Amino acid sequence: MNRRTVVAGGLAAPALAALPAAAQGGGKTFVLLHGAWHGGWCWRDVAEVLRAGGHRVFTPTQTGLGERKHLMSREITLDTFVADVVNVLEAEELEDVILVGHSFGGLGISGAADRVPQRIRHLVYLDSLILEGGQSPFGILPAEVVAQRRQLVQEQGQGIFIPPPPPSAFGIPDGHPNAAWVRRRLTPHPVGTYESPLNLRNPVGNGRPATYIIAAEPIYGPLEVTRRWVRNRPGWTVQEIRTGHDTMVTAPEETARMLSAIG
């Protein structure tokens with residue numbers, strides 16, 4: 001049976017507070033991986049709270065996105081994204097890592113667990129997409145979502161990238177204090193990562209402890225196939241946070257507290 005807990009999240013907090021000592025559980029090492037159209041920037045507020053609680057935090061940006069948007073290419077695939085994560089773990093000589101993947105970032109952490117499981121303490125899939133070996137995102141997402149994104153690639157993305165949707169698509173209301181901040185920073189996403197397969201030699205997670213966190217208010221529709229898969233996954237812990245898909249933006253303190261309590 002999966003263990004399930006529910007945490008209430010708010011839309012915004014006027015100030016970020018450090019984690020109480022009881023929630024810290026000793027300093028841990030976090031690598032926080034963003035989702036599609038985002039970059040390491042999106043973890044700003046979560047990282048602030050975790051670091052104030054005595055934890056080490058790394059927030060890499062994947063190839064072609066965020067401050068690495070100048071590397072956009074048709075040649076970027078899921079293998080590239082996996083290499084991005086593995087390279088951070090190896091270059092920073094990280095061990096005992098709590099590896100967190102939000103949304104599309106779930107694919108990168110699955111790939112890293114497949115290749116360097118000895119460096120990973122716990123996997124956290126934060127309202128993320130999950131693929132089994134050989135599957136591609138366009139192969140499992142709803143047909144209408146795939147068709148819409150392929151059309152955008154041809155009409156606006158030069159056959160290379162998917163233009164970013166508005167922040168509201170990620171559960172960030174138009175009136176949210178950080179909506180404009182997110183809108184300014186979203187960048188096109190390389191379509192090759194949606195078309196290519198996730199190459200895994202082992203089952204998803206490769207035997208590492210895993211937690212899946214569902215952003216429940218509002219629910220992010222394209223991930224229903226993953227939520228069904230997770231509910232039938234023996235040994236995984238399932239939690240919920242009552243906020244939108246971009247939990248790190250709409251509920252950073254709650255997100256940080258949940259992550260700090262894991263592992």
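The predicted model holds 10 salt bridges, a salt bridge being a side-chain nitrogen of Lys or Arg within 4 Å of a carboxyl oxygen of Asp or Glu. Residues are numbered from 1 along each chain as its sequence is written, and side-chain values rest on heavy atoms, with hydrogens and water left out. Because the model is predicted, local features need pLDDT of at least 70 and side-chain atom pairs count only at pLDDT 80 or more, whereas totals for chains, interfaces and linings use all residues.

One of these bridges joins the side chains of E195 and R74 at 2.9 Å, N to O, and it links E195 in helix α8 with R74 in the loop between β3 (56–58) and α3, 121 residues apart; helices (H or I, at least four residues) and strands (E, at least two) are DSSP runs, numbered from the N terminus. E195 is partly exposed, with a relative accessible area of 32%, and R74 is likewise partly exposed, at 35%, where buried means under 20% relative accessible area, exposed over 50%, and partly exposed in between (1.4 Å probe, protein chains only). A second bridge is formed by E95 and R119, whose closest N and O atoms are 3.3 Å apart. E95 lies in the loop between α3 and β4 and R119 in the loop between α4 and β5 (120–126), so this pair ties together parts that are 24 residues apart in sequence. E95 is partly exposed at 43%, while R119 counts as buried at 15% relative accessibility.

F104 and Y194 form a tilted pair, with 4.7 Å centre to centre and 40 degrees between the planes, and both residues are buried. W229 and W236 form an edge-to-face pair at 5.5 Å and 80 degrees.

Key. Rings of Phe, Tyr and Trp (its six-membered ring) pair if their centres lie within 6.5 Å; planes under 30 degrees apart count as stacked, over 60 as edge-to-face and the rest as tilted.
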